Amino acid sequence: CFFFFFFLMIRRPPRSTLSSSSAASDVYKRQVSTQSTGTDNNRSMKRSCPELPRAHSHGCKCKIGPSLLASNLARIADEAERVVAAGADYLHLDVMDGHFVPNITWGAPVIKSLRKEVKEAFFDVHMMVSCPEKWVEDIKDAGGDQFTFHLESTADPAGLIAMIRNSGMKVGMALKPGTPTEACRSLVASVDMVLIMTVEPGFGGQSFMPKMMPKVSLGSGSGSGSSSSPK
C-alpha cells in the first residue's frame with residue numbers, strides 16, 4: 001500500500017471559506033449496484049459506503065505523488081520510472097533516521113543514485129529525521145527538489161526554512177497527527193507546502209486516519225490566499 005497523505009498547497013487562490021465543522025457535518029453516501037450472475041438476473045444488490053466528509057471546493061489542482069517506500073526497493077529506479085510514465089506528478093521519498101522515527105530507510109546517497117536514473121521527476125524528500133538542518137546541503141546535492149521537514153524536529157523552523165530557500169529547494173513542512181495546525185500558522189506563508197500526515201510517521205502500510213481531515217480544513221484558512229488540496 002502507498003503511504004496516504006493530505007497536503008495543503010500554499011498560495012493557490014481562491015481561499016476556501018468552509019469551516020472544518022461544516023465540512024465534517026456535510027456527508028455523503030454512495031451506493032454501488034451490482035447485478036447478480038445467478039438464476040435471478042434481475043435481482044440487484046446495493047451496498048452503502050461509509051459516511052465520509054465531503055471534500056470542500058478549492059482552487060488547487062490535485063496531484064499524485066507516489067511514495068517510493070511502497071515500491072519494490074530492489075528495483076526502485078524501475079518502479080520510479082513506471083509510476084512517472086503512468087502519470088505521477090512527482091515522487092515522494094521518505095528519509096528515516098531511526099531516531100526521529102523508529103525505522104531506517106535511505107539517505108542522500110540513494111537519492112543521488114536514483115536521480116541519475118530518473119532525471120526529470122520532481123523529488124519531494126520527506127525528512128523524518130532529527131536535526132534536519134544537517135542534511136539540507138546533502139539533499140540538495142543529491143538532487144532533491146523539495147525538502148519537507150517536520151515541525152517537531154527543529155527548534156528553529158524559521159531558520160531552517162531560510163536555509164532550505166537559500167539552497168534553491170522548495171520548502172515543505174510536515175505535521176504529525178498529534179500536532180495541531182495552530183503550531184504552524186505563523187509559518188504557513190513562508191513555505192510551499194504543508195504536509196498533514198494521516199498516518200504516524202515511520203512505517204508504510206498503516207491505516208488512514210479519517211480524524212485528521214478537519215486539520216486539512218483548519219489549515220486551509222492559514223496564511224494569505226491559502227487553500228487545501230488533497231494528494
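Trainee: What should I know about the model itself?

Mentor: This is a predicted model, so local features need pLDDT of at least 70, side-chain atom pairs count only at pLDDT 80 or more, and totals for chains, interfaces and linings use all residues. Residues are numbered from 1 along each chain as its sequence is written, and side-chain values use heavy atoms, with hydrogens and water left out.

Trainee: Is His 92 buried or exposed?

Mentor: His 92 has a value of 1%, so it is buried. His 92 sits in strand E6. Helices (H or I, at least four residues) and strands (E, at least two) are DSSP runs, numbered from the N terminus.

Trainee: How many residues of E6 are buried?

Mentor: Six of the six, so E6 is largely enclosed by the rest of the structure.

Trainee: Which way do the residues of E6 point?

Mentor: First the general idea. In a regular strand, side chains alternate between the two faces of the sheet. Now the case here. Leu 91, Leu 93 and Val 95 point one way from E6. His 92, Asp 94 and Met 96 point the other way, and all are buried.

Trainee: In what sense do E6 and E7 pair?

Mentor: Two strands pair if DSSP finds at least two bridges between them. E6 and E7 have six bridges, in the parallel sense.

Trainee: Now a helix. Which residues of H2 are buried?

Mentor: H2 spans residues 76–85, and its buried residues are Ile 76, Ala 77, Glu 79, Ala 80 and Val 83. They cover an arc of only 165° around the axis, which puts them on the same side of H2. The arc is that of the directions from the helix axis to the C-beta atoms.

Trainee: What covers the buried residues of H2?

Mentor: The cover includes strand E6 (91–96) and helix H3 (108–117). Contact here means heavy atoms within 4.5 Å. The face of H2 turned away from its buried side carries the exposed residues Arg 82 and Ala 85. Just after H2, Gly 87 takes a positive phi of about 120°.

Trainee: How many salt bridges are there?

Mentor: A salt bridge is a side-chain nitrogen of Lys or Arg within 4 Å of a carboxyl oxygen of Asp or Glu. By this rule there are four. One of them joins Glu 79 and Arg 82, with the closest N and O atoms 2.9 Å apart. Both residues lie in H2, three residues apart, about one turn of the helix. Glu 79 is buried at 15% relative accessibility, whereas Arg 82 is exposed at 55%.

Trainee: Which residue forms a salt bridge with Arg 115?

Mentor: Asp 145 does, and the closest N and O atoms are 2.8 Å apart. This pair links distant parts of the chain, 30 residues apart: Arg 115 is in H3, and Asp 145 is in the loop between H4 and strand E8 (146–150). Arg 115 is buried at 14%, while Asp 145 is partly exposed at 26%.

Trainee: Let me try a loop residue. Where is Ser 130 found?

Mentor: Look in the loop between strand E7 (123–128) and helix H4 (136–142). Ser 130 has 19% relative accessibility, so it counts as buried. Its side chain makes a polar contact with the side chain of His 99, at 2.6 Å. Not counting residues up to four places away in sequence, Ser 130 touches Asp 97, His 99, Phe 100 and Trp 135.

Note on methods. Buried means under 20% relative accessible area, exposed over 50%, partly exposed in between (1.4 Å probe, protein chains only). A polar contact is a pair of N or O atoms within 3.5 Å; within protein, one must be able to donate a hydrogen and the other to accept it, and residues adjacent in sequence count only if both atoms are side-chain atoms.
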